[in-house]
Amino acid sequence: MKLIGALIHCMRIALLCVPWLFAPSVARADIVDAAPPVVEVAPGQSVLSLTPYLQLFVDHDHALSADAPNPAALAHRLTPLNREAANFGFSDAAYWVAFTLRNPTDRDLPLVIRQDYPLMDHLDFWAPAGEGGWHHVRTGDHQPFDSRPLALRDYVFPITLPAQSLQTYYLRFASAGSINIGLSVSSQQAYLPRLGLEQLLYGIYYGGFLVLVLYNLFLFLALRDTAYAFYMGYSICCGLFFAVLNGFAFQFFWPDFPWLANRALLLALGLTLTFAIQFARLICNVKRLAPRVDRFCGLLRYGTITLTVLAPFVDYATMTEIFSAAALIVSLTSLSVGAVSVWRGSVSARYFLIAWITLMWTVVMYVFKTFGLLPHNAITHNAFQVGALIEMVLLSLALGARVGEIQRQGHTDQLTGLFNRRHFDELLAKEFSQATRDETPLSLVVLDLDHFKAINDRLGHARGDEALRAVGQLASRLVRKPAVACRYGGEEFAVLLPGCDKPVATKIADRLLNAVAKIDCDGVPLSVSIGVASYENGNFTSAIQLFEAADSALYMAKEGGRNKVVTSPDGETSSQLAASLF
């Protein structure tokens, strides 16, 4: 729990430091007093942000109608923005902005005005028309997609600025979500190559999501591990969330359904959080490692499901704020889950924790931008998306580590922590083949706990398990690599000794015999009977013969009074040893 507390403390410090990182630019913006200059454009104009040149009027009461025939009537209400960023968080107000462009050349200039944040409920644009009229474009994601001048994910308004002219353009923004005004101007020649590059980068980005989903789909079909199913659900919903956020979902999936375009972001986010918390429970094995934390995660999952169901029916602004808080809670919970699992030895949780730490910074940055505490720019808007893709790659690595853990669990005895019989059988065959090929010795020590049934009957099965665990830990501690200790089954253990001849194996067996005798089990003395067999000079033709020889030597130790070491004569099989007893 100390580790969890330290992580939370670090997150608090981080949250306090993030706004400070942007403080210099905000402070500099506050001292700007002069009216914004006119934007002078030229042929081939490169992309230029209009934020420093904006004039702003905040209509808190919606006193000015968007149907006003002459938006220039509000000119006396406009004041310089005096900010280096034009994002205002959640607001019920309407935001009117204006900017002025000058064309000093002798020819008309075709330009494009771009609003780079597509999640805007209502967006109106006025450009001067001939004879004092106005060309009005009404769009936004409350309108069908074809209301946009160009069929693009962002709002792009093509204009022509007459030669030797000075013209002012007006826009009105209103939204139940966050108000992010990101206007820019450029020539059409400069905009088109930039648009092509953006489309290419987004194609690579979403292609990365698709590759991860398909790759893990094949693994899921092969392994049938439900963690892969939740990972794919998380990846698909996360990709859908960013497709909605970037405007691609409205453009390609439901262009004629503005209602769905407005609610899809919350629905995708709710599903993403639901899959994320369930994936965290599985990949970090929380149910086994931290049952109380797992119960909290279960309640949190039901909470995100409830929010997702309510999202279409509750006020959008309210649900957006609730979902923002829920995203932070799920992120912090996932960090805690990963920390607990790492602390308790989970290898896959290491990748999981790194993934969520990577994502957490970008989540905090994006939420701060959403509430207007950080500026809306390329970094704060796109860092979240980049962080999410990096997280997906790291989570895929966590799944790979989980497969390794499952395989190790399939070869490990849960009571003693030693390898189990399955692993022993595979390893014995492998080592015997290696020994015959290299003509090197291979010894096998098999030991059995004496009078184990009496220990169970007298002290109970719990004490019997403790005795087995103690013998297993002792065997693991006394042998060194490449030797391997395994629990063969019941109260029987086996130690495989590659490269050891019979004298060395006998010494190790004697050491085990003496060490077991020193174990105290509630006053009941423990002892073991041990059989030793060695492969040398081709005296056995198979691994099974080697094991049968060691097991028969163990049987002779039992018949000979227990608590002793018996070695198998060279080359004798189990039937020969058994015959020698009679």
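Predicted model: local features only at pLDDT ≥ 70, side-chain atom pairs only at ≥ 80, totals over all residues.

Trainee: Why is the contact between R114 and D154 called a salt bridge?

Mentor: A salt bridge requires a side-chain nitrogen of Lys or Arg within 4 Å of a carboxyl oxygen of Asp or Glu. The closest N and O atoms of R114 and D154 are 2.5 Å apart, so the pair qualifies. R114 lies in strand β7 (residues 109-115) and D154 in the loop between β9 (134-139) and β10 (155-161), so the bridge ties together parts that are 40 residues apart in sequence; helices (H or I, at least four residues) and strands (E, at least two) are DSSP runs, numbered from the N terminus.

Trainee: What other salt bridge does D154 form?

Mentor: D154 also forms one with R153, where the closest N and O atoms are 3.4 Å apart. R114, R153, D154, R194 and E198 are linked in a network of salt bridges.

Trainee: How do you know whether R114 and D154 are buried or exposed?

Mentor: Buried means under 20% relative accessible area, exposed over 50%, and partly exposed in between (1.4 Å probe, protein chains only). R114 has 8% and therefore counts as buried, and D154, with 2%, is buried as well.

Trainee: Why is L200 called exposed?

Mentor: L200 has a relative accessible area of 52%, so by the over 50% rule it is exposed. L200 is found in helix α3 (residues 188-223), and L197, L200, L201 and I204 make a nonpolar surface patch of about 410 Å². Patches are made of residues with over 30% relative accessible area and no salt bridge, with like charges joined within 9 Å and nonpolar side chains (Val, Leu, Ile, Met, Phe, Trp, Tyr) within 5 Å; areas come from the Shrake-Rupley method with a 1.4 Å probe, and for residues only the protein chains shown count as cover.

Trainee: What makes β15 and β20 edge strands?

Mentor: Two strands pair if DSSP finds at least two bridges between them. Five strands form an open, mixed sheet in the order β15-β16-β14-β19-β20, and β15 (484-489) and β20 (565-567) each pair on one side only. Three bridges join β19 (residues 528-535) to β20, so this parallel pair meets the rule.

Notes:
Residues numbered from 1 in each chain as written. Heavy atoms only, no water.
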